[in-house]
Amino acid sequence: MLHHLGITLQIAAMTFLPLLILYQLNFGFKLIVMPICTVIGIVIFFVGTRLRDMK
């Protein structure tokens, strides 16, 4: 079960970050939002990796 949750989190992070970049390019938002969202995406991806590696 944790393996599937980890895969889901990784897919979500890999989908969210490019969509965030497209949104930024089209509509723009404050400069500080982009690095915060990137760090959140990295953390979500890392947590997903850890969940996949748990046995």
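Helices here are DSSP runs of H or I with at least four residues, numbered from the N terminus. The model is a predicted one, in which local features need pLDDT of at least 70 and side-chain atom pairs count only at pLDDT 80 or more, while totals for chains, interfaces and linings use all residues. Residues are numbered from 1 along each chain as its sequence is written, and side-chain values use heavy atoms, with hydrogens and water left out.

With its 25 residues, H1 reaches 36 Å from its first C-alpha to its last, close to the 36 Å expected at 1.5 Å a residue, where the expected span is 1.5 Å times one less than the number of residues. Gly6, Gln10, Ala13 and Leu20 are the buried residues of H1; buried means under 20% relative accessible area, exposed means over 50%, and partly exposed lies in between, with a 1.4 Å probe and protein chains only. What covers these buried residues of H1 includes H2.

Gln10, which is placed in H1, counts as buried because its relative accessibility is 10%. Leaving aside its neighbours within four places in sequence, Gln10 is in contact with Phe45, Gly48, Thr49 and Arg52, contact being heavy atoms within 4.5 Å.

Together with Leu19, Leu22 and Leu25, Ile21 forms a nonpolar patch on the surface, and the four have about 410 Å² of accessible area together. Such accessible areas come from the Shrake-Rupley method with a 1.4 Å probe, and for residues only the protein chains shown count as cover.

After H1 comes Gly28, whose phi is positive, near 75°. Gly28 lies in the loop between H1 and helix H2 (33–53), and is partly exposed, with a relative accessible area of 33%.

In H2, the buried residues are Cys37, Gly41, Gly48 and Leu51. They cover an arc of only 85° around the axis, which puts them on the same side of H2; the arc is that of the directions from the helix axis to the C-beta atoms. The buried residues of H2 pack against H1, whereas on the other side of H2, Ile42, Arg50 and Asp53 are exposed.

Technical notes: Patches are made of residues with over 30% relative accessible area and no salt bridge: like charges are joined within 9 Å, nonpolar side chains (Val, Leu, Ile, Met, Phe, Trp, Tyr) within 5 Å. A salt bridge is a side-chain nitrogen of Lys or Arg within 4 Å of a carboxyl oxygen of Asp or Glu. Helices (H or I, at least four residues) and strands (E, at least two) are DSSP runs, numbered from the N terminus.
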